[in-house]
Structures are given as structure tokens and as C-alpha cells.
Amino acid sequence: MTQAEIKLCSLLLQEHFGEIVEKIGVHLIRTGSQPLRVIAHDTGTSLDQVKKALCVLIQHNLVTYQVHKRGVVEYEAQCSRVLRMLRYPRYIYTSKTLYSDTGELIVEELLLNGKMTMSAVVKKVADRLTETMEDGKTMDYAEVSNTFVRLADTHFVQRCPLVPATENSDPGPPPPAPTLVINEKDMYLVPKLSLIGKGKRRRSSEEDAAGEPKAKRLKHTTENKEPIPDDGIYWQANLDRFHQHFRDQTIVSAVANRMDQTSSEIVRTMLRMSEITTPSCAPFTQPLSSNEIFRSLPVGYNISKQVLDQYLTLLADDPLEFVGKSGDSGGGMYVINLHKALASLATATLESVVQERFGSRCARIFRLVLQKKHLEQKQVEDFAMIPAKEAKDMLYKMLSENFISLQEIPKTPDHAPSRTFYLYTVNILSAARMLLHRCYKSIANLIERRQFETKENKRLLEKSQRVEAIIASMQATGAEEEQLQEIEEMITAPERQQLETLKRNVNKLDASEIQVDETIFLLESYIESTMKR
């Protein structure tokens, strides 16, 4: 765990959950697994606050617990899961793209709350959608429920592990912490719920239509509470499935850039056919026959079987080897080489960084060393056709930044420089790790800069929010245009300009965060794929 990752985790926890949760979370990241009382003692936090912080972290899958032989429960932070909070906007946007506004809100609620029952999610989402609709229109529970089922069928949401029924019925003393288990078959099994009803709008007044006070209404609802049909069955967003989707989209866009739109559509079809049958960590997709791919192509895509076979042959013969041929049955069996695709994309990212950082001549040397595997300094100068002094400077610059490495091969055991070969090489894995570390530092800097910008203009932002609230309430009561204009003029022209500048800067920082996270995702996927081979 590097300092850059710890700092980024700290910033993310503070931004999402506040100071106390951040203190407990970072302490666990630094020290590893620890029991409750040790955490409270080391952080100087009261036992009650530590318990609440741990509840929040466990609810959001950021901390796991384990019962040891002596009966002591130890808590351990999941740093990789904390870093996933960077990607929350991307998960939500993907859900919106695939399953419209309903899917977006379902995933958003699950990410905001960590774990929820299906009935609670459906009701909350229906209410939120109803509020955005025109008066007289409401969102049906059944419609939201159908979208939830589709998300479960495509594995974007999954069940959380449960306490087994035998553990509850055990007459002996309860264990210090429950053991949660889940059957693989039940992970995406949606309970049969007959959710009848429509979304409700929030009332602005404390009294409802019948004039009943709020306190009295709450009492009635708690007294007449019916048992929830799916009580105890909790759901969470399946982040690995989202990552699989991101990886597939990256491969498709890479094929489109290298070849054409038809090639990318064929690759997209192959990935879609094997998205649930292929595990996310597999180096290859399941073999698919040419006939199967032809039948699965989108309806509006009018290409003949012969043209499809030509495209598949072209993809299989491509030097990048994104698509490979694994047999001749069924018109030819084809697979997508996921590891090769990720390696090619990671290499392209490194080349791009070298070019941006050191210039096109350095990028030429980097590509040359990458292609030839091992080269001496004289060979680099000759092949790259760059003067000796410049080539030496560029090589040493990249060597000091860890983009290339130097391998010593001695002729004699004494390692004498005159009798040693010095070969330059590119270790893509170590270069990817180094770049990933820098990306974490960059994102931490971007978050700190955004927080600083917001803090500097805090008074102005609060004033703007107050003015907007006054205007909204006056519009609701039917105020005249002159009165509204008078309120708007409370913010002067220089202040308005300052707000515009702040908004532009914050948007730019947010966009930069998302772009850096895309690089992080690509490098993490490549490193994970390489380590599992």
C-alpha cells in the first residue's frame, strides 16, 4: 500500500462519510486487521463512535471482519474497494446508458446506501421519478421492479451474503460475529414480489390532505407496519460486472479506431455473447462459431455470412491479436484474447505518456526498445537514426523516470564495466505500476484542488444558494417578474463572474478526475490480468 493510495483513500472517505469514518478507515488501511478495542485506543476515539464508523464501513463493503480462534473479531479495511468510490459517477452513467433513468436511480441508491432490499429500492426510485414527472403522472412500482430484474439478469446487481438459517436456530450462545454465506446459484435470483402501487410526491406542509399532524402519521405507520416480503434479502451493485463492461467497451473502441465500425460491431457481438459465460478474470472469452456470431449480429446490420467470415479472418490475422482462431468447426471457432487486448492498450497508454512527457523522438526510442526487446546504446542510436549525444540524454531521462530499465549481462564474474553488456529493455508491468502510482497522486491533487477552490468561495456559494432558494419559493407563490429580478440583483456582476469561473474550474477538475480514472482502470486491469496468468 503506497502513500499515494493511502492519501487518496483518506480524501475519498472524508468526502463521502466525514472525519470520524475517515480516521477509522485510514487507521485500518495503515495497520491491517485489528480488534475493536485496539482501534478505539489507537485512534483516541470513543468505543461508540468506532462502532458506528465500522457499521458504516461494513454497510458499504469497505471493511470486512473475521472471527479468530480465541473468539476475537478483527476488522480489516479493503483499500481497493475504497478506491472504487472514484468510479461511482461512471457506474451510474453506465446504468443510465443501458437501462435509462430508472436503472440509473436503482444503481445510485445501491451505491449511496451500500446494501438495500429490493422492495425498498423500488419504492424509493418510484418516489424519486414521480417527483420529476408532471402533475398527475406517477411512476408504477411494477415498471421499476422490471428494470431491477433486468439489472439482476445481466448481473449488474447481486445479492449480499446472508446469515444461514441454521445459525439462527442454534440453542447455544451466539457467535461473536455472524458468518455470512451465499450460494452461487442464488446470487442473481430475484424474489417474487407483488409490488402494487405508484410513487408518491413529498408534501411541503407538515399536515397531509386529511389535516393529520406528521407525528401522528408516523405513529400510525409504525403501528400498522406489515412484514416486508423480501425482508433480510439485501442487494448491492456488482462492481466487477461494471468493470467487465468498461473493459469490453474499451476493446470495442480500440478495434473501431484501428479498423472500422463493422469490425468493432462484430467484436461487440462476440463480447456480448460471452459476457455472462466468461469470468471477468479469464484471459480468453468462450470459443464462438462463425455461424453463432452471424445469428447474433444486430438486426439492422446487413452484412452477408461471406463478408463476416472475411472480417473475422482479417481480425484473426491482425498483429495485435485481439481476436484469435481456436478451431475450424461451425465455420470457424473464434475467441477474443482479453489479456493481449489489455496488454496492447496498456502499452499504447505508456507510449502516449512518453510522447507527451518527453517528445516524439523519445517515443520513437521507446517504441524501438519495446519492439526489439533488448538493445545496446549504440544499436539504439543506429536504429533510431538519432545523434549519439541526444540518444544518450533521452535514454537516461527515460531510465531515471523508470519508463525503461537497464539490464547488465557480464562476460566475466567480476562485473567489470569493460567486459559487461548493458542492454536497454522495457518492463511493461513495472512501468504500468509506476504510472498507476502517479495517477493516484494526480487524482489526490485534483481532489485537493477542487476542495480548495470550493473552500475559497464558500461565502459566495452560500449566498448564491440562499438567493436561489428565495427565488424558488417566490416562484411557487406566484411572485411578479420585477420582484424576482430584484432578488437576482442581490448577486452583483463581479460575483456572478466569479461564480462562473468557479463553476468552470470545478467542471474541468471533475472531468480531469474521470479521465485519469479511465487510465487507472486500464492499468489496473492489465496488472490484474498479468498477475493471474
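The lining of the largest cavity divides by class into four nonpolar, four polar and one charged residues. The coordinates are those of a predicted model. In this model there is one cavity of 30 Å³ or more, and the volume of the largest cavity is about 50 Å³. Its lining consists of His60, Asn61, Arg81, Tyr88, Leu110, Leu111, Gly114, Gln236 and Ala237. Two elements, α6 (88-113) and β6 (234-237), each provide at least two residues of this lining. The most comes from α6, with three residues.

The helix α6 also packs against another helix. Two packed helices are described by the angle between their axes and the distance between the axes. For α6 and α7 (residues 118-132), the axes come within 10 Å and cross at roughly 125°. Angles of 65 to 115 degrees count as roughly perpendicular and those over 145 as roughly antiparallel, so α6 and α7 are oblique to each other. The crossing of α6 past α7 is right-handed. On the α6 side the contact involves Asp101, Thr102, Leu105, Ile106, Glu108, Glu109 and Leu110, and on the α7 side Val121, Lys124, Val125, Arg128 and Leu129. By class, this contact of α6 with α7 has six nonpolar, one polar and five charged residues.

What is the angle between α2 and α4? The axes of α2 (residues 19-31) and α4 (residues 47-59) cross at roughly 75° and come within 9 Å, and the two helices are therefore roughly perpendicular to each other. From α2, the residues in contact are Ile20, Val21, Ile24, Gly25 and Leu28; from α4 they are Gln49, Val50, Ala53, Leu54, Val56 and Leu57. The contact of α2 with α4 has nine nonpolar and two polar residues, and no charged ones.

The last pair is α20 (residues 458-476) and α21 (residues 481-488), whose axes come within 10 Å and cross at roughly 170°. With that angle, α20 and α21 are therefore roughly antiparallel to each other. Val467, Ile470, Ile471, Met474 and Gln475 of α20 meet Gln483, Leu484, Ile487 and Glu488 of α21. By class, the contact of α20 with α21 has six nonpolar, two polar and one charged residues.

Methods. Residues are numbered from 1 along each chain as its sequence is written. This is a predicted model: local features need pLDDT of at least 70, side-chain atom pairs count only at pLDDT 80 or more; totals for chains, interfaces and linings use all residues. Side-chain values use heavy atoms; hydrogens and water are left out. On a 1 Å grid over the protein atoms alone, a cavity is a set of points where a 1.4 Å probe fits but cannot get out, and a pocket is an open set with protein on both sides within 12 Å along at least five of seven lines; lining residues have an atom within 4 Å of a point. Grid points are joined across faces, edges and corners, and a volume is the space filled by probe spheres set on the points. Helices (H or I, at least four residues) and strands (E, at least two) are DSSP runs, numbered from the N terminus. Ala, Val, Leu, Ile, Met, Phe, Trp, Tyr, Cys and Pro count as nonpolar, Asp, Glu, Lys and Arg as charged, and the others, Gly among them, as polar. Axes are lines fitted to C-alpha atoms, for helices over the stretch in contact, and angles run from 0 to 180 degrees between N-to-C directions. Angles under 35 degrees count as roughly parallel, over 145 as roughly antiparallel, 65 to 115 as roughly perpendicular and the rest as oblique. A crossing is left-handed if the near helix is turned anticlockwise from the far one by less than a right angle, and right-handed if clockwise. Contact means heavy atoms within 4.5 Å.
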